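Reader: Could you take me through the pockets and the charged contacts of this structure? I would like to begin with the pockets.

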Amino acid sequence: MNKKKIPIGIEDFKRLIDKGCYFVDKSLLIRDILDSGADVHLFTRPRRFGKTLNLSMIQYYFEKQKTDNSYLFEGLEISQAGEEYQKYMGQYPVITLSFKGMKKDTYEEALKNFKWMMSQECQRHMEILQSGKVLDIEKARFQRLLNEEATVSDYFVSIQFLTSCLTKIYGKKTIVLIDEYDVPLENAHFKGYYDKMVSFIRSVFESALKTNHSLEMAVLTGCLRVSKESLFTGLNNPQINSIQSGEFSEYFGFTETEVKDLTEYFRLSDKFSVIKEWYDGYRFGITEIYNPWSVLNYLRDIMKLPDALPKPYWSNTSSNSIIHQLITEADEDTRDIVEELVNGGSITAPVHEDMVYADIEINQDDIWSFLLFTGYLKQIGMRYQDGENYLKMVIPNQEVKMIYRRTIRQWFNENIKKTSRENLLKSLISGNVETVSEIIGEWLSETISFYDEKESYYHGFMSGLLSGFRGYKLRSNRESGDGRPDLLLMERNGRTAVILEFKIVPEGRTLNGMADEAVRQIEEDYYEEELLHDGYQNIIKYGIAFKQKKCLVKIG
């Protein structure tokens, strides 16, 4: 029997099943939504945790269509849940929209995308134009939406209008599904038109979700609950399910049992420990959760190449703007916290579920709430203090830690390019040890360091500082003599060269002793031999010892 395929990037439930892909069964989400009795559900989870696929599954379950889609659910848990749930299958008109495409540079472009999105949904419901149950004036409005020629006022009530027309035709209230509702809000925050976007979406939601007598129920997904903007105030019987909610916690992302089943099915159980280290670490409610996107990508890669190393797949799909903002705009206190986090430490801060993008500023507590709800931190403890819940949080796993590190390196390199380092070059060439030590020490104190990489971190740090000097070339770990110097800085005209050897101070040793050892290694391994052979006449040798943010420079 052929194995099922690993679904990468397939967000349409029918397509996934029809292609014979492995489906991690989340179908009991449908049962639990029905049991809740809520009119509006909002599920907030990080990006790429299965929200879109779940909405697609809900659509195919409830939507009344010309073709019978019941076969899609054969063998799934919802098919065994009982007749009281199966009677809902294929019985309702459904409106499904994704706000993901509204991530645009300007408000006008975002609104244009909304118009296109509504036109596409109208094309799915052309029966409105043929129905005798819909008034001519309503058909005229529908035609304007279809042609993307409606007024802004028409778009304010466009979702409510479609539910009204469909309910007339089918005699059943309409289900509304909205995916990634907060993408345009987050994007507008960074692009500078936040207030306009909040006003628009508020108007759309007020008509569609608050006073809509044609609404059976609505299910929305996003990363954050943004109730302070009043997008959801006044709703009848809303249920908001964040990563801290006890209900529905197992339906977004993979549980540990599901990951074990996956690895066993594809005969990759020996990779489970790697998957756990890199892609586990999330906690939704009381449920331990793995990143589904990264797990599936890693399984696919090792099926092609058994020795493939784990990678930060999520960093290539998730918006990391907030991490970049955190690091580039941080003051010393915030940088110290980030440094503590990337070195395995924690932060304890008050966390608020009802976020406001406009209020997320560096050094305010909201930034840590944002990082928690978007998947960049995870909760490991809680205490109640001064009327607020304080959560203890850490970086979830190796994958997310890599995102922080990459962003830190990018920030460091950008800062270097903006700063003149001519004094460092002159001091290196002239043998001014005190100034060299002072400049390196200043950069160490300013940057965010991570120490578990040991020599590789400091090697990258010094490579950044010494790169880009006009008239010089930098060589890293180049073969020379009997060993490999850490860095060689060589004048292109062939007169002057600088040899640098780095040492990390281990427990029980001193900066002074390790700097001496670095100088001694340069001499004993004849690092200057090839430089002399190439005609360099002026060769300066430096041994540098590092211990966290301290350094000691010695000249040979």
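Author: A definition comes first: a pocket is an open set of grid points with protein on both sides within 12 Å along at least five of seven lines. Please note that this is a predicted model.

Reader: What volume does the second largest pocket have?

Author: The volume of the second largest pocket is about 500 Å³. It is lined by 20 residues, and those closest to its centre are Thr52, Gln59, Thr96, Leu97 and Ser98.

Reader: Which element gives the largest share of that lining?

Author: Helix 5 does, with six residues. Helix 3, strand 2 (94-98) and helix 5 (107-124) each contribute at least two residues to the lining of the second largest pocket.

Reader: And how does the lining of the second largest pocket divide into nonpolar, polar and charged residues?

Author: There are nine polar, six charged and five nonpolar residues in that lining.

Reader: Now the largest pocket, please. How much space lies in it?

Author: The largest pocket holds about 760 Å³ of space. Its lining comprises 37 residues, with Glu11, Arg47, Arg48, Phe49 and Gly50 closest to the centre.

Reader: What is the make-up of the lining of the largest pocket by class?

Author: By class, 17 residues are nonpolar, 10 are polar and 10 are charged. Helix 10 provides the largest share of this lining, namely five residues. At least two residues each come from helix 3 (51-62), helix 10 (183-191) and helix 14 (292-304).

Reader: Changing topic: how many salt bridges does the structure hold?

Author: The structure holds 28 salt bridges. One of them joins aspartate 154 to arginine 144, with the closest N and O atoms 3.2 Å apart. This pair links distant parts of the chain, since aspartate 154 belongs to helix 8 (residues 152-156) and arginine 144 to helix 7 (residues 136-146), 10 residues apart.

Reader: Is aspartate 154 buried or exposed?

Author: Aspartate 154 has a relative accessible area of 7%, and because the limit for buried is under 20%, aspartate 154 counts as buried. Arginine 144, at 32%, is partly exposed.

Reader: Which residue meets lysine 260 in a salt bridge?

Author: Glutamate 256 does, at 3.8 Å from N to O. Both residues lie in helix 12 (residues 256-265), four residues apart, about one turn of the helix. Lysine 260 is partly exposed, at 37% relative accessibility.

Reader: Which residues are linked in a network of salt bridges?

Author: The network links Glu256, Lys260, Lys276, Asp280 and Glu288.

Methods. Residues are numbered from 1 along each chain as its sequence is written. This is a predicted model: local features need pLDDT of at least 70, side-chain atom pairs count only at pLDDT 80 or more; totals for chains, interfaces and linings use all residues. Side-chain values use heavy atoms; hydrogens and water are left out. A salt bridge is a side-chain nitrogen of Lys or Arg within 4 Å of a carboxyl oxygen of Asp or Glu. Buried means under 20% relative accessible area, exposed over 50%, partly exposed in between (1.4 Å probe, protein chains only). On a 1 Å grid over the protein atoms alone, a cavity is a set of points where a 1.4 Å probe fits but cannot get out, and a pocket is an open set with protein on both sides within 12 Å along at least five of seven lines; lining residues have an atom within 4 Å of a point. Grid points are joined across faces, edges and corners, and a volume is the space filled by probe spheres set on the points. Ala, Val, Leu, Ile, Met, Phe, Trp, Tyr, Cys and Pro count as nonpolar, Asp, Glu, Lys and Arg as charged, and the others, Gly among them, as polar.
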